Amino acid sequence: MANDRESKPGHSRVDEATGTEFVGHEWDGIEELNTPLPRWWLWTFYATVAWSIVYVVLYPAWPLVNSATEGVLGWSSRGDLETRMAEAELQRQPIFERIAATDLGTLPADSELMRQAVAGGAAAFKQHCVQCHGAGAAGYEQYGYPNLNDDDWIWGGTLSEIEYTLIHGIRWDGSDATRMAYMPAFGEIFDKDQVDALANHVLSLSGKAESSAVGAELYAQNCAACHQANGEGDPVQGAPALNDAIWLYGGDIADVRTQIQAPRHGVMPGWQDRLDPVTIKMLAAYVHSRGGGQETPAAAEPGAEPSPEEVAVSAQAGDDGQS
Ligand code: HEC
Ligand code: HEC
């Protein structure tokens, strides 16, 4: 504690070289000078103190038990968010109005508006559809949630057909006009051997098994009315194709047998009560754009880009599906 002994309180000495006072501490011959803080630093410090006082007065600051002091400006992060959301909504408004005013069939002819609609639909899809159809719209085919990226359509793949499916749902009791098809439960009608023969015939339609005379006969009598003789399915009745390798409920013989005995009758909710018509339109545009969108039921060329002329022509021809 040698330096304590050296300090002389009340008596200030000045360092000759710098003209600065000593603090009075000394350690091994080295003494401390009382250099003042730089002015710029001091003023910055005072400014931050002043700013913090102004801030506390203007903005929410001190936490209280259930809230915080409000600040005289009345600003809140929630209010700020709401304002920004409202602004974003306003910016989208003209696009919404243009989409609302554009007939769905002619939407693809306006490629810029179509692009906006697809983007809006993609956002809505993330919110409302991914839980069943998957993030990439590829579905969960084993569980009856169809892939929306392919050109295999149960209920039709034109813009207006997709829109109809979205508005009214599938086997959805919320709409009188819902898409409706009930495959009978053939397990109550046929014995195990007959179901086996049928399942083999179904798989033979996509070259996966050998059919038999019994199987072909039973199929023609009981199934072809909905699924068609060659198994191409019928979008008007909502009977899925059986001759492609795309399955709603799996393509193993056991899966097919189960479906024949006890069909699942999958349900898709309709969206007319939950989403506005423009959002539904945008969703239809998005699903249609996923790769398998059809132009018209008859003239669909899978994968081909329809030219604006073609779209306009098909729209004039009254391509409004079943709606
Ligand atoms: C609760 C689950 C569920 C949700 C949510 C759902 N879907 Fe579906 N969706 C289904 C099922 C199940 C089917 C197949 C019904 C059948 O067997 O015909 C289906 C079928 C479809 C089809 C018809 C496909 C075809 O081949 O004809 C389209 C289009 C479709 N969904 C789009 C959407 C869109 C867009 C959304 C979001 C707004 C959505 N789905 C939300 C369950 C759902
Ligand atoms: C009234 C029309 C109708 C009749 C008749 C019918 N089906 Fe179906 N079938 C459907 C519908 C609709 C589905 C969609 C799934 C569902 O509703 O469970 C389906 C689905 C299927 C599937 C599942 C396809 C997949 O992608 O996983 C198989 C297999 C099938 N049917 C076989 C048959 C066989 C075999 C018969 C005759 C014994 C038959 N169906 C008769 C309407 C019908």
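1. In which helix does Gly-120 lie? Gly-120 is part of helix α4, residues 111-128. Helices here are DSSP runs (H or I, at least four residues), numbered from the N terminus.

2. Some ground rules. This is a predicted model: local features need pLDDT of at least 70, side-chain atom pairs count only at pLDDT 80 or more, and totals for chains, interfaces and linings use all residues. Residues are numbered from 1 along each chain as its sequence is written, while chains are lettered from A and ligands numbered from 1 in the order in which they are written.

3. Gly-120 counts as buried because 21 C-beta neighbours sit inside 10 Å. The cut-off for buried is 20 or more other C-beta atoms within 10 Å of the residue's own, with C-beta atoms placed from the backbone. The C-alpha atom of Gly-120 is 9.5 Å from that of Lys-281, although the two residues are 161 apart along the chain.

4. Helix α3 (residues 77-101) packs against helix α11 (residues 277-289) at about 75 degrees, with the axes 9 Å apart. Axes are lines fitted to C-alpha atoms over the stretch in contact, and angles run from 0 to 180 degrees between N-to-C directions. So α3 is roughly perpendicular to α11 (65 to 115 degrees).

5. On the α3 side, the contact uses Phe-96, Ile-99 and Ala-100; α11 supplies Pro-277, Val-278, Lys-281 and Met-282. Contact means C-beta atoms, placed from the backbone, within 7 Å. The contact has 6 nonpolar, no polar and 1 charged residues. Nonpolar covers Ala, Val, Leu, Ile, Met, Phe, Trp, Tyr, Cys and Pro; charged covers Asp, Glu, Lys and Arg; the others, Gly among them, are polar.

Terms used
Helices (H or I, at least four residues) and strands (E, at least two) are DSSP runs, numbered from the N terminus. A residue is buried if 20 or more other C-beta atoms lie within 10 Å of its own, exposed if 12 or fewer, and partly exposed in between; C-beta atoms are placed from the backbone. Angles under 35 degrees count as roughly parallel, over 145 as roughly antiparallel, 65 to 115 as roughly perpendicular and the rest as oblique. Two residues are in contact if their C-beta atoms, placed from the backbone, lie within 7 Å.
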